[in-house]
Amino acid sequence: MMASKLTRTLRDNWLLILIFIGLLVFPHAVGWLTGSSPMGVPRGDRMIMRGESVRWQAVLIELFILSILAMSYNLMFGFTGVVSFGHALFFGVGGYVLGLALEYTQMETGTALVMGILGGVAICGILGLLIGLVSLRLRGVYFAIFTLAIAEMFFIYFGRLSLTRAEDGFSITDLPQWIDPAQNRLNYYYVALILFVLTFLFIRRLMNSPTGAVFKAVRENEDRAQSIGYNTLNYKLLAITLAGMMAAVAGMLQIILNKKVGPEILGITYTVDPLVMTIIGGIGTFTGPIIGTTGLHLLETVLREATITLGPIVIRVTDIWGVLLGGIFILVVMVFPQGVVGTWARWTARSAKSEPPA
Amino acid sequence: MNNILEVRDIHTFIGQFHILEGVTVAVPQGSITVLLGRNGAGKTTTLKSIMGMTPPTRGSIVFEGQSLVGKRPYSIAQMGIGYVPEHRAIFKELSVAENLQIAERHKGDLARKADLIFELFPDLKRLYHLPGGSLSGGQQQMLAIARALVPDNRLLLIDEPSEGLAPVIIEHLMSAIRKLAEQATVLLVEQNFRMASRLADRYVIIDEGHSPASGLMADLRQDNEQIQRYLGVA
């Protein structure tokens, strides 16, 4: 009985398990292929983060972070139908709380890290709950505008707060050695990978549970869900609270990776990116946000250094990245109206259905 | 006879429109009562007012001795009222199984009712894991009714179950509704007078936001003048 359950899990998830193993060995594989050390280069008693392996670790860490952010956004937007334009708020507040705990308190580094993480997650959860309580009775675009206003308010406030060095932000200098991405990036890579996998598994588990079915019912028709006895407001509150907590985790990972906290982590980019990545990948699918994030992030990484030469004019791709992203977005939305994963699922379902019954 | 539901002189507005201008409906315990009337008379609004979806501004609604006015739809549902809206209101993106599961009010409701549901609607067993949206119109209607059967509802409000369905499917639905009336009191909205007259014990006529007549179905069947006046094509 146990064995058959295990075989079924393996059979249904073989591709995901394969990808997970690939991500586990990735730093070593890159190191082996390029002849660089996954630990970086030692200089004296410190490590210098130089070489292809550590460079790609940083790319993937950022990919995990953005994926967690996109998955959290999808929990609200894709699965529950709550459209928020203020998701960066949770990302940024999570980052600021951890940064403040590390740099502005007298606690010992390890304690500060733990307290900062717990505090940041709790504060973002409460923030989500409060915003939801105040505004979730508004529907559709009014709720979205409200969340945008709150997020922009925080962005402007922290951009001027002298305590946190306003627009410049402050550096993270006080970090436990073992997690410091400038010293032990490989450890940090695995921390980010594990959080990424846990987020994925948590959302999948939640959405396949009876509670998840109610989330989807609220998305499809809120009145109908009420008429069978659900206080739909509670479910939307739960969705925004959980999404806020997950986004906080992503924001914390980001400030540790950058070793810097500044108002840009509260900026609209961290709302638009998960929104666009989720739509491109597939709204309300488990892998869609990850696929959307991966596609865009890798493309940006590869093209960042590239230039286009048109006769005498040389254009750096970085300068026109926004235009390219817009073009890609329009193209994908036209070709894959339900996102890459959603449209693919529809195609395969259709071809399966058109086969004669056996 | 005891009335499980008493709607007395309710007035309901939708936006600025005064839709119900004094509707009174009494539903005796254990009966099948049907709301009859022309399109736009206010039958659906009466059901929605009972559910709290379009709350009345005046009048009283009492279910098992408790007032429903001012309660939110989900609390009204939790009191033991099942609502089957018009247009086969299922969740198309959820599977048949999920549609039934989310209707549980207590853990194990579905397990206890599964035999009854599959006896009434054998099709649903075969379609159990398909998305609701892939079902035919008749199957969706059956799922919508089955969903209202999952919890122990004592009153079922069913809005136009026969709408747009083939006669053979309507026959099947009628026998199912008759059978589920053994479990719960039914308040039905039905345009199809033939179906209504064969199914219901009692009727209430809704006409232009009023409820001018009510009584035993058996009496109405003899009363051609009444039928012509309120249900005939003007």
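1. B:E64 sits in the loop that joins strand 4 (58–63) and strand 5 (66–67) of chain B. Helices (H or I, at least four residues) and strands (E, at least two) are DSSP runs, numbered from the N terminus. Its phi is positive, about 50°, although B:E64 is not a glycine. B:E64 is partly exposed, because 16 other C-beta atoms lie within 10 Å. The cut-offs: a residue is buried if 20 or more other C-beta atoms lie within 10 Å of its own, exposed if 12 or fewer, and partly exposed in between, with C-beta atoms placed from the backbone.

2. A word on the basis. This is a predicted model, in which local features need pLDDT of at least 70, side-chain atom pairs count only at pLDDT 80 or more, and totals for chains, interfaces and linings use all residues. Residues are numbered from 1 along each chain as its sequence is written, while chains are lettered from A and ligands numbered from 1 in the order in which they are written.

3. B:E208 also deserves a look. Its phi is near 50°, a positive value in a residue other than glycine. The residue belongs to the loop between strand 9 (202–207) and strand 10 (210–216) of chain B. B:E208 has 14 other C-beta atoms within 10 Å and is therefore partly exposed.

4. Chain B overall. The chain holds 10 helices and 10 strands. Its radius of gyration is 17 Å, which agrees with the value near 17 Å for a compact globule of 234 residues. That radius is taken over C-alpha atoms, and the globule rule is 2.2 Å times the number of residues to the power 0.38. The C-alpha trace spans about 45 × 40 × 35 Å along its principal axes. Of the 234 residues, 46% count as buried. Among chain B contacts between residues at least 6 apart in sequence, 68% join residues at least 24 apart. Two residues are in contact if their C-beta atoms, placed from the backbone, lie within 7 Å.

5. Chain A overall. Here there are 14 helices and six strands. For 358 residues, a compact globule would have a radius of gyration near 21 Å; chain A has 22 Å, which agrees. Along the principal axes, the C-alpha atoms of chain A fill a box of roughly 70 × 60 × 50 Å. Buried residues account for 41% of the 358. Of chain A contacts between residues at least 6 apart in sequence, 71% join residues at least 24 apart.

6. The contact between the chains. Chain B gives 19 residues and chain A gives 15. On the chain B side, helix 2 (73–78) and helix 3 (96–101) each supply at least two residues. Helix 2 of chain B has the largest share of that side, four residues. By class, the chain B side has 12 nonpolar, two polar and five charged residues. Ala, Val, Leu, Ile, Met, Phe, Trp, Tyr, Cys and Pro count as nonpolar, Asp, Glu, Lys and Arg as charged, and the others, Gly among them, as polar.

7. Helix 3 and helix 10 of chain A. Two packed helices are described by the angle between their axes and the distance between the axes. The axes of helix 3 (residues 52–77) and helix 10 (residues 232–258) of chain A come within 8 Å and cross at roughly 165°. Axes are lines fitted to C-alpha atoms, for helices over the stretch in contact, and angles run from 0 to 180 degrees between N-to-C directions. The two helices of chain A are therefore roughly antiparallel. Angles under 35 degrees count as roughly parallel, over 145 as roughly antiparallel, 65 to 115 as roughly perpendicular and the rest as oblique. The crossing of helix 3 and helix 10 of chain A is left-handed, meaning that the near helix is turned anticlockwise from the far one by less than a right angle, whereas clockwise is right-handed. By class, this contact of helix 3 with helix 10 of chain A has 18 nonpolar, two polar and one charged residues.

8. Helix 11 and helix 12 of chain A. Helix 11 (residues 269–281) and helix 12 (residues 288–303) of chain A pack at about 110°, with axes 7 Å apart. Helix 11 and helix 12 of chain A are therefore roughly perpendicular. Their crossing is right-handed. From helix 11 of chain A come A:M277, A:T278, A:I280 and A:G281; the residues they meet in helix 12 of chain A include A:G288, A:P289 and A:L296. The contact has six nonpolar, six polar and no charged residues.
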